[in-house]
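Subject: Structure handover

Hello,

Please find the structure below, followed by notes on what was found in it. The notes take one chain, then the other, then the contact between them.

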Amino acid sequence: MTNLTELNLHQALSGLAAGDFTSTELTQSYLNSIEAQNTNLNAYLVVTGDKALEMARASDARRAVGNVGALEGIPLGIKDLFCTKGVRTTAASKILGEFAPEYESSVTTNLWRDGAVMLGKLNLDEFAMGSSNETSAFGNVVNPWKRKGSNVALTPGGSSGGSAAAVAAHMCLGATATDTGGSIRQPAAFTGTVGIKPTYGRCSRYGIVAFASSLDQAGPIARNVKDSAIMLQSMMGHDVKDSTSLNVAVPDLVAAMANGVKGMKIGIPKEYRVDGMPEEIESLWQQGIAWLKGAGAEIVDISLPHTKYALPAYYIVAPAEASSNLARYDGMRFGARVDGNDLTDTYEKTRATGFGEEVKRRILIGTYVLSAGYYDAYYLRAQKVRARILEDFTNAWTKCDAILTPTAPSAAFGLGEKSDDPIKMYLNDVFTVTANLAGLPAISIPAALDVDGLPLGLQIIGKALDEETIYSVASVMEQAANFSARP
Amino acid sequence: MSVDDATVRKIARLARIEIHEDKVTKMANELNGILNWIEMLNEVDVNGVEPMASAVAIALPMRDDAVTDGNIQSSILKNAPKADSGFFVVPKSVE
């Protein structure tokens with residue numbers, strides 16, 4: 001038998017359906033792959049081998065009686081930001097200690113409902129705050145990709161670095177991830193994988209450790225566009241446990257892939273060119289434009305004039321919401337407690353010890369911008385700027401159906417290269433953060449290798465609730481790019 | 001608007017995060033770096049703009065004010081750092 005980890009998700013579904021192998025065999029192959037690679041890559045924080053095999057056997061039993069879900073028998077990795085019942089959930093922070101939730105997130109509940117198998121929990125930046133995976137309390141993830149002729153360890157991106165690395169290294173068939181400012185799309189671009197953040201409200205946030213509630217959204221990281229469509233379709237859906245969950249029908253994303261782009265208008269925003277962006281990224285963007293033109297799309301120049309204000313607005317809104325969300329970690333009801341002289345001292349020591357430096361920095365920024373006298377100047381102004389950014393997109397949609405941009409301003413960089421300068425690190429998200437602020441769906445797909453042999457991604461941003469157009473465009477781009485490089 | 005050492009101590013206290021004296025100035029510098037960068041938002045004309053409250057315009061749904069869950073005391077206490085006789089055990093908070 002060929003190595004089962006060579007098959008992608010939709011091929012594995014066909015193989016399982018044909019009876020070529022069982023989910024138990026497939027799952028065991030992935031557990032072997034994890035065992036062989038995880039020491040080097042540090043993508044998994046917890047491997048749930050026994051549970052995985054138990055779920056796989058249950059899936060095989062369901063299949064035997066004809067009870068087959070959309071992800072029946074498919075082994076997946078779960079970002080350790082999703083609560084998984086009885087399995088330690090850390091958000092890559094020390095403050096949660098040995099927290100093992102007594103409940104399951106809605107997104108993972110949907111995946112298990114459809115027959116998927118959990119391999120384990122994936123590393124991330126602490127509380128999803130970071131762009132390089134270096135803020136994890138459990139050590140950074142290492143990108144399976146290396147520069148040609150170099151052994152320098154590179155970042156897989158962040159915050160969903162464990163998810164991206166595990167998918168790229170074939171340590172799972174797909175992974176859940178979350179995206180608050182680019183945390184699905186930037187790691188996908190850095191690892192040659194496909195990552196989508198759907199429209200805000202498509203995936204329930206119930207049971208996902210909260211970072212910035214008005215921006216957080218779950219989505220999959222997968223090896224190709226079709227695998228991504230299959231996974232996202234399972235993850236989405238209305239949930240009464242999340243009041244911002246949208247009560248709308250789930251579209252058929254695999255079917256949308258066949259629609260093509262003939263007659264479609266693709267917007268190219270002139271503001272998505274930044275100083276110091278490598279020439280290669282600019283030319284890849286032009287290449288993407290040529291691919292879509294070749295497939296019959298019309299290219300239109302558009303303007304999103306408030307783009308440069310998106311990151312500063314994000315660094316008010318996200319820390320403000322984080323400072324509020326993370327107030328719950330007080331060491332009283334769950335998580336790790338560090339005893340002090342009195343109640344206040346216990347709170348302060350628990351939080352000083354439990355949170356890492358970047359998380360503390362963001363909580364303090366958030367506390368400051370929300371504090372008396374500054375609320376109007378910072379938070380309220382940022383929310384008004386956010387309305388301006390949404391307005392930019394609303395204007396653009398009168399001229400185009402989707403927008404094409406680079407995903408990130410660089411390829412994967414070396415670990416430690418940017419960790420001493422917060423703003424330099426924040427600039428990684430310059431092309432992705434606008435979609436979070438405006439609540440729009442956006443995908444990153446691998447498009448080419450740079451001069452060092454590292455993957456580069458292109459991003460497609462769609463209208464709210466129009467994931468179908470995104471998948472139509474992504475499918476055309478994927479065929480044109482024919483990206484088949486491996487780490 | 002610039003953050004000085006006293007402001008860092010004040011917001012750290014508000015956020016209930018102990019901060020060592022030898023790290024206060026470093027944190028003040030980092031916060032000022034970020035806040036100076038954020039100042040660029042003052043260039044944007046926001047006259048007459050309503051602040052965006054949520055990404056997708058929906059009315060928040062109402063639900064019946066009814067109990068849908070309960071009798072899970074042991075689940076709730078399961079992850080407590082300290083618990084006794086069905087209660088969380090916390091440091092004394094009232095003199």
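Chain B has three helices and two strands (helices are DSSP runs of H or I of at least four residues, strands are runs of E of at least two, and both are numbered from the N terminus). From the N terminus on, their order is α-α-α-β-β. The radius of gyration of chain B is 23 Å, well over the 12 Å that the globule rule gives for 95 residues, so chain B is more spread out than a compact globule. That radius is taken over C-alpha atoms, and the rule is 2.2 Å times the number of residues to the power 0.38. Along its principal axes, the C-alpha trace of chain B spans about 55 × 45 × 25 Å.

Before going further, some conventions. This is a predicted model, in which local features need pLDDT of at least 70 and side-chain atom pairs count only at pLDDT 80 or more, while totals for chains, interfaces and linings use all residues. Residues are numbered from 1 along each chain as its sequence is written, and chains are lettered from A and ligands numbered from 1 in the order in which they are written.

Of the 95 residues of chain B, 17% count as buried. A residue is buried if 20 or more other C-beta atoms lie within 10 Å of its own, exposed if 12 or fewer, and partly exposed in between, with C-beta atoms placed from the backbone.

Helix H2 of chain B covers residues 21-38. Its 18 residues should span 26 Å at 1.5 Å a residue, and its end C-alpha atoms are 26 Å apart, which agrees; the expected span is 1.5 Å times one less than the number of residues. The buried residues of H2(B) are B:Met27, B:Glu30, B:Leu31, B:Ile34, B:Leu35 and B:Ile38. Seen down the axis of H2(B), they fall within an arc of 135°, so they line one face of the helix (the arc is that of the directions from the helix axis to the C-beta atoms). The face turned away from the buried side of H2(B) carries the exposed residues B:Asp22, B:Thr25, B:Lys26, B:Asn29 and B:Asn36. The cover over the buried residues of H2(B) includes helix H1 (5-14) of chain B together with H10, H12 and H14 of chain A.

Chain A has 16 helices and eleven strands. With 487 residues, a compact globule would have a radius of gyration near 23 Å, and the 21 Å of chain A agrees with this. The C-alpha atoms of chain A fill a box of roughly 65 × 55 × 50 Å along the principal axes. In chain A, 60% of the 487 residues count as buried.

The largest nonpolar core has 163 residues, and A:Leu76 and A:Ala166 touch the most other members. Such a core is a set of buried Ala, Val, Leu, Ile, Met, Phe, Trp, Tyr and Cys residues joined through C-beta atoms within 7 Å. Helix H10 (residues 310-325) of chain A gives the largest share of this core, ten residues. Not counting residues up to four places away in sequence, A:Ala166 touches A:Ala43, A:Tyr44, A:Gly77, A:Leu122, A:Met171, A:Cys172 and A:Ala175; two residues are in contact if their C-beta atoms, placed from the backbone, lie within 7 Å.

In helix H3 (residues 49-64) of chain A, 16 residues reach 22 Å from the first C-alpha to the last, close to the 22 Å expected at 1.5 Å a residue. A:Ala52, A:Met55, A:Ala56 and A:Ser59 are buried in H3(A). These buried residues fall within an arc of 105° seen down the axis of H3(A), so they line one face of the helix. Exposed residues A:Asp50, A:Ala61 and A:Ala64 sit on the face of H3(A) turned away from its buried side. Helix H2 (23-41), strand S2 (75-79) and strand S3 (117-122) of chain A are among what covers the buried residues of H3(A).

Lastly, the contact between the chains. It takes 55 residues from chain A and 38 residues from chain B. On the side of chain A that touches chain B, H13(A) gives the most, with ten residues. The residues on that side divide into 29 nonpolar, 13 polar and 13 charged (Ala, Val, Leu, Ile, Met, Phe, Trp, Tyr, Cys and Pro count as nonpolar, Asp, Glu, Lys and Arg as charged, and the others, Gly among them, as polar).

Regards
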